[in-house]
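Thanks for making time this morning. I would like to talk about the aromatic rings in this model and the charged groups that accompany them.

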Amino acid sequence: MITLSEIKISYPQKSETAAEKQSIGLVIPFQPSMVDKKTIKSILNYTLEEVQCRLENKYQPEDIRHVIDNLKKIFNRLNYNSHRKSVAIIVKPDEEKIIYLNYSGNPVFYLDDRFSLLDLVGNSDREPEFELLWIKNNGAELHEYFNNSLHKVFSQTSALCDEDTNNECLMQRISAIVKLVNRNNDKPVFLYSEDDQQANKFFEIFPYRNILFKLNLFEKQERDKPTDVLVQKILSRWPHWQSMLVRGQITLAKKNQTIFSHLNSVTKALKYYNNGILLIDEFMKQEIHQNLEDENSFDATKKLTDEIEKFLARGNRIEITEGGLLETLGGIALIKNNDTVYASVGFSGRYKEEGFLF
């Protein structure tokens, strides 16, 4: 169920200035469960300054002040008990929306007459998040990378295992922990070990090897501080790893029969409150945006974007992939979580399907 704490809508009643008729869309880093209030206030103040700067060449100072004052009121209503990672704010002449999102990224500013939440999300640069597993001779460490830093979440030694089954036991324990930490397979898992035999053994045991990627360090100075070097190697090729993750997720979802593809099936799955990861490639995103600009297809497309909005508000994630990556899936796919149940739209461009099912 969507609650008012996740989507809040109000309808302004007063007469508006020209600037107040300007539609504004924002995505702002907002994670009060992890970030102190002073830092959040600084981010919000930066957002106000940026909006004001972008409006200065279009409207009178008095008109802009009304817009900024309204944003300040919206910011004052933000829920500091939220455990989400960012917030989307949409201000249009006939409505205001606050939607808490479960991903972190750089701020997004959208000043336009017609846009959807998908436009905001699609233009947001996500911060990298991944698991880094370091297998040693007598144990292992699991680290998580988020909020631009690495955090150790687990350490295991072989001392807890029987001597006869030492290696096998250790690998099984590590595999179980990685599956628990990354239970929805929404992050890539990087594996490093100086012992190739150990790395290969884990690769054989781990059931989700499609999202497991082995890394090597060849220089001695690199192996002195392996985690620091590995993080830099991963970040330097992050778009590549994102694409590899998507391919691996699709392969696993097909194997587990937890994937919906093509517009009709995905739209129906969204309508029946399936949760998970929604993949949309860049070509499909552009097509959806174009249909929102077309009067003949606006109403049907708006129903789709409304379902996507509810999907995000439930704490799910959207990934915009490179154009063409999802071509065999019709440009869009929903990989559902294991705890959700399954109970569309006609596009004239690259991806076409018969009729919306609403």
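Let me begin with a cluster, in which F130, Y145, F190, F213, W238 and W241 are linked by ring pairs; rings of Phe, Tyr and Trp (its six-membered ring) pair if their centres lie within 6.5 Å, with planes under 30 degrees apart counted as stacked, over 60 as edge-to-face and the rest as tilted. The model is predicted, with local features needing pLDDT of at least 70 and side-chain atom pairs pLDDT 80 or more, while totals for chains, interfaces and linings use all residues. Residues are numbered from 1 along each chain as its sequence is written, and side-chain values use heavy atoms, leaving out hydrogens and water.

Over the whole structure, the search finds 12 aromatic pairs. One of them joins Y46 and F109 edge-to-face, at 6.2 Å centre to centre and 75° between the planes. Because Y46 lies in helix α1 (residues 37-55) and F109 in strand β5 (residues 108-111), this pair ties together parts that are 63 residues apart in sequence; helices (H or I, at least four residues) and strands (E, at least two) are DSSP runs, numbered from the N terminus. Y46 is partly exposed at 39% relative accessibility, whereas F109, at 13%, is buried; buried means under 20% relative accessible area, exposed over 50%, and partly exposed in between, with a 1.4 Å probe and protein chains only.

The rings of W134 and Y192 form a tilted pair, with centres 6.5 Å apart and planes at 45°, and both residues are buried.

Finally, the charged end of R126 sits over the ring of Y103, 3.8 Å from its centre, where sitting over a ring requires NZ of Lys or CZ of Arg within 6 Å of the ring centre and within 35 degrees of the ring normal.
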